[in-house]
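Please have the structure open as you read.

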Amino acid sequence: MKIRMFIICLSLLFVTSLSAQEVKQDNSTCKVSANVAGDEKSNSQYLYQLMKQKKQQSPTGGGAEVRGFDKTIVFPLRIGFIQHPNKRGSTRQFAISRTIDILNEAFEAANIEFYIAQIDVISSDLRIGDLQVGAYDIYDQFSKQYDVDDMISMYLFDYDDQLCKESSGGVSCGRTGGFSYILSNRTNNIVLSKFDLEDHKVVVHEFGHFFGLYHTFERDQFGRELVTGDNCASSGDMICDTPSDPGPVYEVYVNYSKCRMIGYTDTDTNIDYTPLINNYMSYYKPCFMKQYTFTPTQLEVIRAAAESPLRMRFQER
Ligand SMILES: [Zn+2]
């Protein structure tokens, strides 16, 4: 099976290739093969250290009270609406309140709220796909130019008119939903395609990254999580209530009606993989009649990130 390697990609990106002989679907494109933002790994380690200290300071050494989600943390958002200079007026009517509702529904479990504090229209002919050129160089430049210091920006970009390209080899299609670095201070933003404004996963997934969550199938930064889960706290996404996820390459084993991976067995241990299909940070399609969720520990990470010096500066004052 062909695996497309990107230097980084923290996005939901779907690529489908169709050729005369075969149909391939490849949505395993989020390869965080390097610590590209420069501080993602060290910031994550810092956060886990903070969480550990907090647990040790707790009189009972852990448990529900450690979560301490009693106080609502509020983050004002600054929306950067990217407007093509030659298409002025054509896309001014946009409904982002639904996007914020979706985000708030997901983050409510961590007692975190977002609201729109500022909207800026940014004139640029860049589309979401353009930002990923090189090792996200254009994205970094854009962020440097437009980010504000004390607010999380959410940039809404147009997507390519042509999502599919025909060539002599067949047709290849791709679409980027959004991206964000993981707990990085290199940029202060989340990027979202206007295509996915009302999608129930993409915006939440990207904010999950911004608040410290890795993919459930993460293995490049901290190594592979064993199917037994024995090394769950120090590998993969470093979270123990998200079972080892072989990643979307193995999506063929997923029964979406049952919302389960069925029959993909680790040959060394003879144990079946049971990744969370409907988790916000996995890379599977939606399960039938089942909402996306964060696990309790994922919520703890989000909450700890929101309270940490890394994200505190964006809180409402
Ligand atoms: Zn991602």
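Residues are numbered from 1 along each chain as its sequence is written. Please keep in mind that this is a predicted model, in which local features need pLDDT of at least 70 and side-chain atom pairs count only at pLDDT 80 or more, while totals for chains, interfaces and linings use all residues.

The protein's secondary structure comes to seven helices and 13 strands, where helices (H or I, at least four residues) and strands (E, at least two) are DSSP runs, numbered from the N terminus. Of its 317 residues, 35% count as buried; a buried residue has 20 or more other C-beta atoms within 10 Å of its own, with C-beta atoms placed from the backbone. Two residues are in contact if their C-beta atoms, placed from the backbone, lie within 7 Å. Among contacts between residues at least 6 apart in sequence, 70% join residues at least 24 apart.

Now for the interior. A nonpolar core here is a set of buried Ala, Val, Leu, Ile, Met, Phe, Trp, Tyr and Cys residues joined through C-beta atoms within 7 Å. The largest one has 52 residues, of which Met154, Val191, Leu192, Ile302 and Ala305 touch the most other members. Elements that each supply at least two residues to this core include strand S5 (152–157), strand S9 (189–193), helix H5 (202–210) and helix H6 (296–307). H6 gives the largest share, six residues. Leaving aside neighbours within four places in sequence, Leu192 is in contact with Met154, Tyr155, Leu156, Gly178, Leu197, Val202, Val203 and Glu206. A second, separate core has six residues, among them Phe217, Met261, Ile277 and Tyr284.

How does H5 sit in the model, buried or exposed? This helix is mostly covered, with nine of its nine residues buried. Those buried residues pack against H3, strand S8 (178–179), S9 and H6. Just after H5, Gly212 takes a positive phi of about 95°.

Finally, look at H6 from the side of helix H1 (residues 40–57). The axes of H1 and H6 come within 10 Å and cross at roughly 100°, the axes being lines fitted to C-alpha atoms over the stretch in contact and the angles running from 0 to 180 degrees between N-to-C directions. H1 is therefore roughly perpendicular to H6, a label for angles of 65 to 115 degrees. Leu47, Leu50 and Met51 in H1 meet Glu300, Ala304 and Ala305 in H6.

Conventions. Buried ≥ 20, exposed ≤ 12 C-beta atoms within 10 Å, placed from the backbone. Parallel < 35°, antiparallel > 145°, perpendicular 65-115°, else oblique.
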